[in-house]
Amino acid sequence: MYKIFSDGYIVYHPMLPESIIISGKLDLEVNKAGTLTFTIPESNPHYGMIELMKSIVELYDDDRLIFRGRPYAPSRNLYKDNEIVCEGELAFFNDTYQEPFEYYGTVNDLFTKAVNYHNSQVPEQKQFKVGMVNVTNNTIEGYITRSSVDYQNTWQFIEDNFLEPLGGYLYLRHEEDGTYIDYLSDLNFPSGQSVQQCLNLVEVSEEVTADELATVIVPLGAKLTDDEGNETDKYTTVESVNAGKIYVSDLKGIEEYGYIVKITNHNDITDPINLKKAGEADLAASMGVTTTIDLSAADLSKAGYNVSPFSFGTYVPVKIKNLGVDKSMLIKKLSIDLLNPQSSNISVGDSIKSFTAKSLNTNKTIGIIQNNLAHEKVIVNQTISQIQKEMMSSLEQTEEYILSTVTEGYFSKEQTEELLSQMSTQIEQNAGAIEIRFEQLQKEVTEVGDTIVAQNQFIRLENGEVIIGKSDSPIVSVYTNNALEFRYNGVTVAKFTNEVLEVRNINIENQLKLHNRWAFRRGEYQAGKGHNLNVVWLG
């Protein structure tokens with residue numbers, strides 16, 4: 001159940017009739033701020049109260065915070081509905097700047113310095129605490145060299161000095177003492193749901209490229225200096241430690257693909273031995289062609305399935321038999337329709353390096369895969385739309401009573417909206433009584449037809465009595481101030497009070513004992529007379 005808050009106040013809650021939105025969508029992507037867009041009607045109590053660039057808007061999935069940000073692009077339509085577009089909290093880095101600098105040291109220290117300088121320029125609600133940083137440079141020392149003569153906003157600074165040259169992922173954690181930002185080389189969080197062909201796979205594409213392929217690497221290190229310490233145009237190379245060659249190569253790769261040269265730069269490395277190790281790492285990363293798989297899948301947790309919802313930034317198991325894929329992939333994009341969550345989907349992507357390209361070498365093979373996936377997309381859409389969960393609540397007040405109703409229904413969404421099951425709870429209060437009604441309607445599909453099973457139960461507090469029963473039964477149990485009664489069609493037929501049980505009629509099948517001394521037992525059967533009644537002294 002999704003809920004939207006603005007500055008701590010409820011803007012959208014599906015169980016509160018007044019706190020409604022007309023539309024709502026969440027879009028998240030790794031290393032991006034993400035957006036939350038929703039439309040508020042004029043009848044919403046918080047219409048017009050969300051402040052541009054100032055309010056803090058939060059989106060919850062049950063008790064889990066999945067988005068936090070600020071509104072930046074409000075608009076109104078002809079009916080005065082207010083559309084609010086919010087950007088995620090990574091956009092707070094656009095509000096601050098970083099000064100010109102020169103730096104040589106660890107990734108962690110520079111990242112911490114940049115975040116702390118951002119924090120010094122903004123209020124607490126837009127600050128971040130630096131969490132785990134495990135991204136390092138690919139040199140032996142792990143140090144980086146960075147410098148700039150320009151002023152930059154903090155987000156551009158992070159992209160230029162960390163994300164683009166080093167990769168990795170920014171990951172936000174909301175803890176009791178604030179929002180933490182991690183800079184991680186990978187996101188090792190497992191997903192509670194899988195993506196499977198013929199189940200929830202919606203779209204998939206596979207592309208084989210050789211853009212990054214190289215069989216020969218020429219690694220260049222830091223520029224050399226002259227005797228006076230001035231920088232020259234010559235670079236540190238591996239020639240002195242690599243048998244007079246300035247390159248590293250792979251003979252098997254050259255045999256397979258030919259002589260393909262790539263030059264890599266490592267301005268932080270001055271030692272030829274370390275430079276050779278970095279060049280060998282570059283060669284290993286460049287060997288082979290790249291197979292890129294992009295897919296989107298539907299979140300079955302919002303369509304009545306007993307699975308955990310997809311979570312942004314987690315690894316989801318993917319099984320696609322047509323492409324021979326069976327591995328975990330990172331959820332890079334997440335799109336959620338707040339009012340139609342069963343249609344929400346994720347996008348995951350992965351790049352697989354291999355020495356030989358996967359065999360997708362004929363148009364016939366590619367055509368078969370596309371046709372199969374097109375057919376299975378129809379099956380997936382039917383699966384997703386087959387069961388739609390609908391939650392409704394209403395509050396009715398008259399001069400005589402107040403009636404609150406909460407209904408949960410599951411509907412089949414094929415040609416008609418066919419009700420599969422419905423569970424409803426009603427609480428009715430008037431001047432003299434409070435009644436709670438539990439109603440369940442279940443449709444059972446059998447080989448010979450459909451059976452409708454209805455169950456209606458209630459608890460009623462009236463005139464100091466607690467009455468429990470079912471609407472289709474004449475028997476109710478009643479708790480009074482000093483007795484437990486059983487009533488049949490409104491008449492008390494049994495009553496337990498003051499350690500005494502009073503019953504209007506008793507049927508005894510076998511034996512009745514009195515104080516463990518006397519027993520009335522059923523005796524032998526005699527034709528025409530039935531059973532004898534034997535009175536026995538038990539002593």
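Which residues have the most contacts inside the largest nonpolar core? Hold that for a moment.

Some ground rules. This is a predicted model, where local features need pLDDT of at least 70 and side-chain atom pairs count only at pLDDT 80 or more, while totals for chains, interfaces and linings use all residues. Residues are numbered from 1 along each chain as its sequence is written, and side-chain values use heavy atoms, with hydrogens and water left out.

Overview. The chain has 539 residues, and 37% of them count as buried. Buried means under 20% relative accessible area, exposed means over 50%, and partly exposed lies in between, with a 1.4 Å probe and protein chains only. There are five helices and 39 strands. Both are DSSP runs numbered from the N terminus: helices are H or I with at least four residues, strands are E with at least two. The chain exposes about 31,100 Å², with 49% of that supplied by carbon and sulfur atoms. Those areas come from the Shrake-Rupley method with a 1.4 Å probe; for residues, only the protein chains shown count as cover. Now contacts, meaning heavy atoms within 4.5 Å. Among those with a separation of 6 or more, residues 24 or more positions apart account for 54%.

Back to the opening question. The answer is F38 and L295, in a core of 37 residues. A nonpolar core here is a set of buried Ala, Val, Leu, Ile, Met, Phe, Trp, Tyr and Cys residues joined through side-chain atoms within 4.5 Å. Strand 25, residues 325-337, gives the most to this core, with five residues. Take L295. Setting aside neighbours within four places in sequence, its contacts include V195, L201, V204, V318, I320, M329, I346 and V348. E203 and S347 are also among them. There is a second, separate core of 24 residues, which includes Y103, F111, L170 and I181. In soluble globular proteins, nonpolar side chains tend to be buried together.

Next, the second largest pocket. It holds about 660 Å³ of space. Definitions, quickly. On a 1 Å grid over the protein atoms alone, a pocket is an open set of points with protein on both sides within 12 Å along at least five of seven lines, a 1.4 Å probe being the one that is fitted, and lining residues have an atom within 4 Å of a point. Grid points are joined across faces, edges and corners, and the volume is the space filled by probe spheres set on the points. The lining has 36 residues, and closest to the centre are L28, L65, I66, L172 and F312. Which strand gives the largest share of that lining? Strand 14, with six residues. Strand 3 (23-29), strand 6 (64-71), strand 14 (169-175), strand 25 and strand 26 (345-354) each supply at least two.

Now single residues. R146 sits in strand 12, residues 144-148. Buried or exposed? R146 counts as buried, because its relative accessibility is 13%. A polar atom of its side chain lies 3.1 Å from the backbone oxygen of N161. Beyond four places in sequence, R146 touches F101, E102, Y103, L110, N161, P165 and L166. Y103 also belongs to the second core.

S6 is in strand 1, residues 2-6. S6 counts as buried because its relative accessibility is 5%. Outside four places in sequence, S6 touches V11, I50, S55, I56 and V57.

D7 is in the loop between strand 1 and strand 2 (9-12). D7 is not a glycine, yet its phi is positive, about 55°. Its relative accessible area is 39%, so D7 is partly exposed.

A243 has a positive phi too, near 55°, and is a residue other than glycine. A243 lies in the loop between strand 20 and strand 21 (248-249). At 76% relative accessibility, A243 counts as exposed.

N230 is in the loop between strand 19 (223-225) and strand 20 (231-235). Its relative accessibility is 40%, so N230 counts as partly exposed. The side chain of N230 makes a polar contact with the side chain of E228, at 3.5 Å. A polar contact is a pair of N or O atoms within 3.5 Å; within protein, one must be able to donate a hydrogen and the other to accept it, and residues adjacent in sequence count only if both atoms are side-chain atoms.

Last, A33, in the loop between strand 3 and strand 4 (35-40).
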